[in-house]
Amino acid sequence: GAKVTLRRLRELAETGTPIVMVTAYDFVSGRVAERAGVDVVLVGDSGAQVVLGLPDTTAVTLDEMLTLAKAVRRAVTTPLVVCDLPFGSTEVSDEQAVTTSVRFVHEAGADAVKIEGAGPARLSRLRAIVEAGIPVVGHVGLTPQTATALGGLRAQGRTVDDAIRVARDALAVQDAGAFAIVIEAVPAVVVAEIRRALRIPVIGIGAGAADGQVLVQHDLLGVTEGRAPVFVKRYAALGEAMIDAVEAYASDVRAGTFPGAEHVYPASDEVAAAVRA
Ligand code: KIV
Ligand code: NA
């Protein structure tokens, strides 16, 4: 299909066509997203846990995120590719945030970047990146990069005061120049109000109906283990299927039933004769 553009996302939102976004972290998951026909691929810093086995998103480095993003980009041609700006790659200054974002564009071919939060420094970074000509997606509600500092991965906007705070954050992110916003782990009724106040597309995760949805690919595939958040829907149990396949291979090898005749190279008559001699 035709490459998804910012204009296309706006059109989808305006016509009430939900935007489909999914994460990817390497060539395979990028290809899956491409072939499945999603609109937006997010190289999420959730890759810290999902593919690097790190304890939380703050542990992944900029260089690691660039490696993941490059692999995804090699597989993705149609969807818009958005890359998460990881913890530590924007905290120092607006200049650092722009330099980091330019690296995602130059080195990884990112179409846009995503930045968490709506505090004064976050908004300043967001404006600086947009001014540098790089499209930015905002992210409010539950923001995992700072969640540990704020008391864990918990739903946001569940009191009147906190709902107002999340709404103010969303408006501030829009005003700072974001072309879309991810709202994570906020009650659907609150998100519905926020949507009415915003003109940019709202991509929800644990946020109810919105202009679009995003999920961690490995969660929806059932590859990740352990208890998933309530907002995850598992569409397959591929983790079990993968383990079953490798177990079957291991038992074949141990039983001597792999490799079979169909998995070996035939030798030429000349070589066969020489070996026998
Ligand atoms: O890193 C990630 O996967 C994300 C989505 C959950 C929005 O930021
Ligand atoms: Na993220």
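Here is a short tour of the structure above, from the whole chain down to single residues.

This is a predicted model, in which local features need pLDDT of at least 70, side-chain atom pairs count only at pLDDT 80 or more, and totals for chains, interfaces and linings use all residues. Residues are numbered from 1 along each chain as its sequence is written, while chains are lettered from A and ligands numbered from 1 in the order in which they are written.

**Overall picture**

- The protein chain has 12 helices and eight strands; helices (H or I, at least four residues) and strands (E, at least two) are DSSP runs, numbered from the N terminus.
- Its C-alpha trace spans about 85 × 40 × 35 Å along the principal axes.
- Of the 277 residues in the protein chain, 42% are buried. A residue is buried if 20 or more other C-beta atoms lie within 10 Å of its own, exposed if 12 or fewer, and partly exposed in between, with C-beta atoms placed from the backbone.
- Among contacts in the protein chain with a separation of 6 or more, 59% come from residues 24 or more positions apart; two residues are in contact if their C-beta atoms, placed from the backbone, lie within 7 Å.

**Around ligand 1**

- The residues around ligand 1 are Thr23, Leu42, Gly44, Asp45, Ser46, Asp84, Val182, Glu184, Ile205, Val214 and Val216. A residue is near a molecule if its C-beta atom, placed from the backbone, lies within 6 Å of it.
- By class, this shell has five nonpolar, three polar and three charged residues. Ala, Val, Leu, Ile, Met, Phe, Trp, Tyr, Cys and Pro count as nonpolar, Asp, Glu, Lys and Arg as charged, and the others, Gly among them, as polar.
- Gly44, one of the shell residues, sits in the loop between β2 (40-43) and α3 (47-50).
- Gly44 counts as buried because it has 29 C-beta neighbours inside 10 Å.
- Beyond its neighbours within four places in sequence, Gly44 is in contact with Thr23, Asp84 and Val216.
- The C-alpha atoms of Gly44 and Val82 are 8.3 Å apart, although 38 residues separate them along the chain.

**Helix packing**

- Helix α2 (residues 27-36) and helix α4 (residues 62-75) have axes that come within 7 Å and cross at roughly 40°. Axes are lines fitted to C-alpha atoms, for helices over the stretch in contact, and angles run from 0 to 180 degrees between N-to-C directions.
- In this contact, Phe27, Gly30, Arg31 and Glu34 of α2 meet Ala71, Val72, Arg74 and Ala75 of α4. The residues divide into four nonpolar, one polar and three charged.
- For α4 and helix α5 (residues 94-108), the axes come within 9 Å and cross at roughly 35°.
- Here Leu62, Leu66, Ala69, Lys70 and Arg73 in α4 meet Thr100, Arg103, Phe104, Glu107 and Ala108 in α5. This contact has five nonpolar, one polar and four charged residues.
- Helix α8 (residues 160-175) packs with helix α9 (residues 188-197) at an angle of about 30°, with their axes 10 Å apart.
- Ala163, Val166, Ala167, Ala170 and Leu171 in α8 meet Val190, Glu193, Ile194 and Ala197 in α9. That contact has eight nonpolar, no polar and one charged residues.

**Backbone details to check**

- Phe258 and Pro259 are joined by a cis peptide bond, with omega about 0°. Pro259 lies in the loop between α11 (238-255) and α12 (269-276).
- Ala185 is not a glycine, yet has a positive phi of about 55°.
- Ala185 lies in the loop between β6 (180-184) and α9, and counts as buried because it has 23 C-beta neighbours inside 10 Å.
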